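Biologist: I have a model open beside its sequence. Could you show me how to read its features?

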Amino acid sequence: MSREASRKSQPGTGEAGWIALGGFLVLMVLVVMAIWVGAQTNPGTEKLPASDPVSIMGALLDGTLVPTGAQIGATLGLLIVPAGVSALLVVVALRQRRTRSRVDYKARSMAQKRDLIDLFEEAADKDAQRLGARQAGPGVPLASTVALPGGKLYASWEWVQIWLMGPRAGKTTCVCVPQIIQTEGPVLATSNKRDIVDLSRGPRSEKGVIWVHDVQDIIGEAPAWWWNPLTFVTDMETAEKMADIFITSATAAGAKQDAYFESAGKETLSRLLLAAALGDLSISEVFRWANNPDPDSTVGALDPAEILALHGQFDQGEALRSTQTLTEKQRDGVYGTIRPWIGVLGSDKVLPWITDNGSKRPHFDPEAFVRSTDTIYLISKEGGGSARAITGALTMAILMAAEKVGARQAGGRLSTPLMAVLDEAANVCRWRELPDVYSHYGSRGIIVSSFFQSWAQGVEAFGENGMSKLWSAANIRVAGAGLAEDKFLSFLSSLIGDHDVTKRSSSTQSKGRSVTTSIQRERIFDVADLTAMPRGRAVMLASGMPAALVKLDHYSTAQYAEQVEESKSYYEGLAVKEGRTTVGAAS
């Protein structure tokens, strides 16, 4: 593929003719040398007064030396072999050119092999051994560097990542699926559609149990297991964390609410969650309490304030009772603030996933999961009926369980790292604390890759400061195709940096044409270049390294490609057969 159409050729320097002449002379020298070497097989050469190349050529031209069959064969052989090699090199070069992107030439001004040495497989493997994580693989697959064709890059098992790529830019097929399949440890993967599950489920089933959490019935997975969010709640601190998940899942970051009712609502919801957990009740009780806060309305059951008091939480019980006995207008304001946050707990579609229906289904244990080689897929999406509070809560529970388990292992980190591939992180996992713990997780053996379709999407979920924290805390930062935000792309352009370019200008005068050459600095990628980034290419900024232009490797080029295709065919076919969902192409 050619460069951008807007890049015009600069004036020539007048050296092209000399280069062509030099090439012609080199070719003539090679031909003469081939004839001379071939002549050494001709017995008539011994009768000549001299056997240097000039004498041989003269003898052949004036007929003094008659060529033999052996001489002709040797000469042609010497000419055909280099000609064939040259032709092969031309063919290979042309094929490579067809696979190259219009921006690949920029890689010459970006990170080279020596800059990325720590990301190649050999160095990544040594780092994995240092961390005691070699059993999980040599490292986390990233992409291939354009500067060195075939040079595959791997992230360390203590580096967290953030990827910004627009729709249909290849993040699922080129990044998510390889990262899910190429780790031998436990994997947590989130998404808002079925492709990521269908593509990787088959290969991952050979490594451990597959758990698919389809709360909104997006891919038609039956609730064959369940998880009680209240198992996470053990005290007021964890209750507040759980409450925060429900709040952030229902509201955009920075959304303006009444300060009093928002604060009181969060405190009250936290106490209701703690009461349900201490009372060993279903989380659906929290929904009932929020919609009917009158303590006198409970028939045959204790109200939440009494449960807190019975379990030694006297202060929290009194605080909840105080809220229950506010004036009707105030109390309605507090509980009215809570109800939209936990509306998902009243959904008949959601309840089977978070409550025990007595059918002896297995209950998911986050701590057991992080010690296994299992895979869990959490599927959710934004919009009406969104259950991302549940998927967000389970994501938080798994990551915090991993932190707890890792703290009790050698080096304070998981011996076999947990790989968390958070596709559509802004929609599926709105955990407010994620930016704060991001960099910390790498040192605990919890490797997180978060994917966003744009910078604005991350800001909506985590706020401007939160998204900036995620970007800054990540050791691997990648921006791919499909981005179109001027503010972010200007920032990215400045991070990639400038390079020296040779500029030539020409002028024609009465005495002839002159060319002036100068050196100037210009951006390697300007905003227009980044906006028009072709599919399959991305800019990667790794800690302590210059920006690199990378090629995203489609799973079809990997050794497990056949397994992925079989998995995709089987599960898509099953979905179509059962009429569970519309099957869409992977991005």
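Modeller: We will go through the pocket, the strands, a helix and the cysteines in turn. This is a predicted model, where local features need pLDDT of at least 70 and side-chain atom pairs count only at pLDDT 80 or more, while totals for chains, interfaces and linings use all residues. Residues are numbered from 1 along each chain as its sequence is written, and side-chain values use heavy atoms, with hydrogens and water left out.

Biologist: What is the volume of the largest pocket?

Modeller: A pocket is an open set of points on a 1 Å grid over the protein atoms alone, where a 1.4 Å probe fits, with protein on both sides within 12 Å along at least five of seven lines; lining residues have an atom within 4 Å of a point. Its volume is the space filled by probe spheres set on the points, which are joined across faces, edges and corners. Here the largest pocket has a volume of about 760 Å³. It is lined by 36 residues, and Ala143, Ser144, Lys152, Asp553 and Thr557 are the closest to its centre.

Biologist: Which strand gives the most to that lining?

Modeller: Strands (E, at least two residues) and helices (H or I, at least four) are DSSP runs numbered from the N terminus. β1 gives the most, with five residues; α3 (69–99), β1 (140–145), β2 (151–155) and α5 each supply at least two.

Biologist: How many bridges join β1 and β2?

Modeller: Two strands pair if DSSP finds at least two bridges between them. β1 and β2 pair in the antiparallel sense over five bridges, and alanine 143 has leucine 153 of β2 as its bridge partner. In their hairpin, with five residues between the strands, glycine 150 takes a positive phi near 85°. β1 also pairs with β13 (residues 548–551), antiparallel over two bridges, where threonine 145 stands opposite valine 550.

Biologist: Are the residues of α5 buried or exposed?

Modeller: Buried means under 20% relative accessible area, exposed over 50%, and partly exposed in between (1.4 Å probe, protein chains only). In α5 (residues 171–181), eleven of the eleven residues are buried, so the helix is largely enclosed by the rest of the structure. The six of six buried residues of β1 likewise mean that this strand is largely enclosed.

Biologist: How many disulfides does the structure hold?

Modeller: A disulfide is a pair of cysteine sulfur atoms within 2.5 Å. The structure holds zero. For cysteine 174, the nearest cysteine sulfur is that of cysteine 176, 9.8 Å away. Cysteine 174 is buried at a relative accessible area of 10%, and cysteine 176 is buried at 0%.
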